[in-house]
Amino acid sequence: TVIYSINLPNIYQSKAILSPVGEQNNISQMVRNYGGLASLAGIDLSSQSNGGNLTKAKEKLNSLSFFSENILPNIFLPNLMAIDSWNSKSNTIFYDKNIYDFASKQWVRNYNFPRTQIPSAQESYEVFKNIMQVSEDPLTGFVTITIEHQSPFIAQSWAKLIVQEINYFFRAKDKLEAQVAMDFLNKQLALTQFVEVKQAIAQILQQKTQQLTLVEASEFYVFDYIDPPEVMELKSRPNRALICILGAFLGGFIIVSFVLLKFLTEKYFLNNKFKPLLKED
C-alpha cells in the first residue's frame, strides 16, 4: 500500500465559482407589453429572454458538442490523453512515450477499432468528463466548475477556458438570432399597414438594438465570476496517509481472516480424521 500510494501522482484542483447573469428585465417587459401585437406579425418573443440561456448553459457545459467545438480546439490534446507526470520545480510536463512522442510530435499509441491513432473527440470527451465537475448550489444558484489535473497551471487555464467559451457560445448565438430577427422585423415593418403593429415592431426593433449592444459589451454574458480559478499550491489528492492507514486495516483484516479460516479448516479435518478411530475405541 505504501509503494502504491507513493507512486500515485499529485492531482491539483482549480475551481471557478460563478454567478448566473440575470435575465434582461427590459426584454421581459417587452414580452409582456408587446407580445400580443408582435404575434400579429408572426413574431414569437417568448424565446428572446436571456434567462433561458442559464438552464441551457448548465446542460451545454456537459455536452459532447461543447467539448468538441469549443474546448478541444483550444487545448493541447496530449495534456489530456498522454500526460505521465509534472515537475513542479521546472513546471514541465512529461508525456507517456508509449502514447505520445513529444520529440517528433507524433501519437505512437497502440489502438484497436473503433479507436484511432489520434484520440477522437468522443474518446477525449470521456476522459475530460472524469476531470471536470459542474455543480449548482440549490440555495444560491451559484454554479461551480472544477477541473483536476496533475499540473495546477493547466487546471486553472482549462477552468478559465470553459467559462470563456460558454459565455462566447451564447453571445454568438444570441447575436446571430438578434440580427436575423431585426432583418425580419424590418421587412415586416415595410409590409404591414396597421399602425398598432408598426408601433409594436418599432419598439421591438429598439429593444433588439439594445440587446445587440448588451451582447457586444458584456464579456460575461451567461456566467460571471464570484471566485475565479487559481493555481493551487497544495494538491487535492491523493491522501497518502489515509491510503496507508486503510491498507493497514485491510491487510490486518485479511491476515486475521486467513489465520482464522486456516485454524477452523485444520480443526475440521482433524476431527473428521480421528472420529472413526474414536468410534472403534
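**Exercise 1. Determine how the residues lining the largest pocket divide into nonpolar, polar and charged.**

Solution. The model is predicted; local features need pLDDT of at least 70, side-chain atom pairs count only at pLDDT 80 or more, and totals for chains, interfaces and linings use all residues. Residues are numbered from 1 along each chain as its sequence is written, and side-chain values use heavy atoms, without hydrogens and water.

Step 1. A pocket is an open set of points on a 1 Å grid over the protein atoms alone, with protein on both sides within 12 Å along at least five of seven lines, and a lining residue has an atom within 4 Å of a point. The lining comprises Ile 11, Asn 79, Leu 80, Ile 83, Val 127, Asn 130, Ile 131, Glu 148, His 149, Gln 150 and Arg 237.

Step 2. Ala, Val, Leu, Ile, Met, Phe, Trp, Tyr, Cys and Pro count as nonpolar, Asp, Glu, Lys and Arg as charged, and the others, Gly among them, as polar.

Step 3. Helix H5 (78-81), helix H6 (121-131) and strand S7 (143-149) each contribute at least two lining residues; H6 gives the most, with three.

**Exercise 2. Identify which residues of the largest nonpolar core touch the most other members.**

Solution. Step 1. Such a core is a set of buried Ala, Val, Leu, Ile, Met, Phe, Trp, Tyr and Cys residues joined through side-chain atoms within 4.5 Å, where buried means under 20% relative accessible area (1.4 Å probe, protein chains only).

Step 1. Of its 40 residues, Ile 71, Leu 80, Phe 128, Ile 147, Trp 158, Ile 162 and Phe 223 touch the most other members. Helix H7 (residues 152-191) gives the most to this core, with nine residues.

Step 2. Leaving aside residues up to four places away in sequence, Trp 158 contacts (heavy atoms within 4.5 Å) Ile 75, Asn 79, Leu 80, Phe 128, Ile 131, Ile 147 and His 149.

**Exercise 3. Explain why S7 is largely enclosed by the rest of the structure.**

Solution. Step 1. Seven of the seven residues of S7 are buried, so the strand is largely enclosed.

Step 1. Val 143, Ile 145, Ile 147 and His 149 cover one side, and Thr 144, Thr 146 and Glu 148 the other.

Step 2. Strands pair if DSSP finds at least two bridges between them. Strand S1 (residues 12-20) pairs antiparallel with S7 over seven bridges, Ala 16 standing opposite Ile 145. Strand S6 (residues 132-136) is joined to S7, also antiparallel, by five bridges, and Gln 133 has Thr 146 as its bridge partner.

Notes:
On a 1 Å grid over the protein atoms alone, a cavity is a set of points where a 1.4 Å probe fits but cannot get out, and a pocket is an open set with protein on both sides within 12 Å along at least five of seven lines; lining residues have an atom within 4 Å of a point. Helices (H or I, at least four residues) and strands (E, at least two) are DSSP runs, numbered from the N terminus. Buried means under 20% relative accessible area, exposed over 50%, partly exposed in between (1.4 Å probe, protein chains only).
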